[in-house]
Amino acid sequence: MKNIIIIGGGAAGIMAAVAAADAGASVTIIEKNEKLGKKLYITGKGRCNITNNSDVQNLLLHVVSNPKFLYSAFSALNSQKLMDFLENNGLKIQTERGNRVFPASGKSSDVIKTFKSALEKRKVKIYYNTEVNGINTEDGIFKSVNARYMAGSGRKGTEIIKADAVIIATGGVSYPSTGSTGDGYKFAANTGHTVKETSPSLVPVNIKENFAKELQGLSLRNVELTLMDGKKVLYREMGEMLFTHFGISGPLVLTSSCYMSGKDVTGMKFIIDLKPALTNQQLNERILRDFSECKNSSFKNSLGRLLPAKLIPVVVALSGINPDKKVNSVTKQERAGLTNLLKGLVMTPESLRGYNEAVITKGGVLVKEISPATLESKKVKGVYFAGEVIDVDAMTGGYNLQIAWSTGFLAGKSAAEI
């Protein structure tokens, strides 16, 4: 029977433990927190967007960095197999808008309870409050890890723990309060691997325009967001976004940040189509109808049917039309300018927010140094990688968690069987 150590008790580490145990291995998870899945508790605003209910091809289409590398992992454990596993282990799930899958209870804690029960059934050992300080190799072969027992672990001092294989599933550096502090990158570098520079991704964006503060708290639905870099379209999608005290956030913005992360944002701009269901001509006619129904109203009081109240003063100011001008005096040219503004509200990104607000980390261990078929290192036999520590990332919608589950599963199965 093989002995396998898994460093990290997040999504990837938990699934790796299940897969390795099912393949006949004796498994130990070393987790530096006091409980498993600490980051899972806060995903999906505490509801845990477990996966996206779609086929392998669609999963790959939503991976931003190195999608081809994940083909074997997604094939080994696709979203349907994951959902079947969870339901067979007693978790009720539901598929919502955008094929996002959540626990029916709406509680991320139920996902963790389900996995913890699965680990107990498989007699997986878990060392809590235990930190790995290093990985020991000899002649390109993994030998052991150096563990340090912290307060609350029930043990004292340090220990060299030997095993046949180790799976590094430590996550990235996003949400460092959950324990994601980049340990895996250090282990990778110290064992001769190359780590691509990391940056926060799926993260809110600071914008230069001051009107963001005026719009703080305003949520916009069914708008189209386009991210441009000069004349090049980097991202375009319809959905929801949110204004904050520093700029913008929400699903559209978080996904757009995938294409900004690690890059110079100078020259980039957001274009918001507030009325994507209408052509310019249709919107112009709509504005004309609204104006005709309130001929004696001032311009600033004429947009209530068209826009949220909080947005009206900003649009009025940006339009350049005198706020007190009667709508029956608004010219054809002014109305055309208003139409263009509503179809193309421009905002300028200043920077991305930091790791404390980032859902994921972009960058990580280079995929060319890892076997895509097994997730074993090409440099050190017996060392495997899973999850966010690898240079792979995806859009919002459950895709990043599916990467964690799938790579964890493949790494665990491979480590036990090879």
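Student: Is K413 buried, partly exposed or exposed?

Tutor: K413 is partly exposed, with a relative accessible area of 33%. Keep in mind that this is a predicted model.

Student: Which residue does K413 form a salt bridge with?

Tutor: Its partner is E417, and the closest N and O atoms of the pair are 3.1 Å apart.

Student: Where do E417 and K413 lie?

Tutor: Both are in helix α12, which covers residues 399-417. They are four residues apart, about one turn of the helix.

Student: And how accessible is E417?

Tutor: E417 has a relative accessible area of 49%, so it counts as partly exposed. The cut-off for exposed is over 50%.

Student: How many salt bridges does the count come to?

Tutor: The count comes to 17 salt bridges. One of them joins E131 and R148, with 2.7 Å between the closest N and O atoms.

Student: Which parts does the pair E131 and R148 tie together?

Tutor: E131 belongs to strand β8 (residues 130-138) and R148 to strand β9 (residues 141-149), so the pair links parts that are 17 residues apart in sequence.

Student: Buried or exposed, those two?

Tutor: E131 is buried, at 18% relative accessible area. R148 is partly exposed, at 33%.

Student: What sits in the loop between β8 and β9?

Tutor: D139 is found in that loop. Phi of D139 is near 55 degrees, which is a positive value in a residue other than glycine. At 75% relative accessibility, D139 counts as exposed.

Student: What about C48, what is its phi?

Tutor: Phi of C48 is near 70 degrees, again positive in a residue other than glycine. C48 is placed in the loop between β2 (26-30) and β3 (51-52).

Student: Is C48 buried or exposed?

Tutor: Buried: the relative accessible area of C48 is 0%.

Student: Back to salt bridges. Which residue does K343 form one with?

Tutor: K343 forms a salt bridge with D273, and the closest N and O atoms are 2.9 Å apart. K343 is in helix α11 and D273 in strand β17 (residues 268-273), so this pair ties together parts 70 residues apart in sequence.

Student: How accessible are the two ends?

Tutor: K343 has a relative accessible area of 15%, so it is buried. D273 is also counted as buried, at 8% relative accessibility.

Student: Which residues make the contact of α9 with α11?

Tutor: From α9 they are N280, L283, N284, I287, L288 and F291. From α11 they are R335, A336, L338, T339, N340, L342 and K343. K343 of that list is the residue in the salt bridge with D273.

Student: How do the contact residues divide into nonpolar, polar and charged?

Tutor: There are seven nonpolar, four polar and two charged residues in the contact of α9 with α11.

Student: And how do α1 and α5 cross?

Tutor: The axes of α1 (residues 11-22) and α5 (residues 108-121) come within 10 Å, with a crossing angle of roughly 30 degrees. α1 passes α5 in a left-handed crossing. I14, M15, A17 and V18 of α1 make the contact with F115, A118 and L119 of α5. Those residues divide into seven nonpolar, no polar and no charged.

Student: Now the whole chain. How many helices and strands does it have?

Tutor: The secondary structure comes to twelve helices and 22 strands. Along the principal axes, the C-alpha atoms fill a box of roughly 85 × 40 × 40 Å.

Student: What share of the residues counts as buried?

Tutor: Of the 418 residues, 54% count as buried.

Student: And what share of contacts joins residues at least 24 apart in sequence?

Tutor: That share is 71%, taken among contacts between residues at least 6 apart in sequence.

Conventions:
Residues are numbered from 1 along each chain as its sequence is written. This is a predicted model: local features need pLDDT of at least 70, side-chain atom pairs count only at pLDDT 80 or more; totals for chains, interfaces and linings use all residues. Side-chain values use heavy atoms; hydrogens and water are left out. Contact means heavy atoms within 4.5 Å. Helices (H or I, at least four residues) and strands (E, at least two) are DSSP runs, numbered from the N terminus. Ala, Val, Leu, Ile, Met, Phe, Trp, Tyr, Cys and Pro count as nonpolar, Asp, Glu, Lys and Arg as charged, and the others, Gly among them, as polar. Axes are lines fitted to C-alpha atoms, for helices over the stretch in contact, and angles run from 0 to 180 degrees between N-to-C directions. A crossing is left-handed if the near helix is turned anticlockwise from the far one by less than a right angle, and right-handed if clockwise. A salt bridge is a side-chain nitrogen of Lys or Arg within 4 Å of a carboxyl oxygen of Asp or Glu. Buried means under 20% relative accessible area, exposed over 50%, partly exposed in between (1.4 Å probe, protein chains only).
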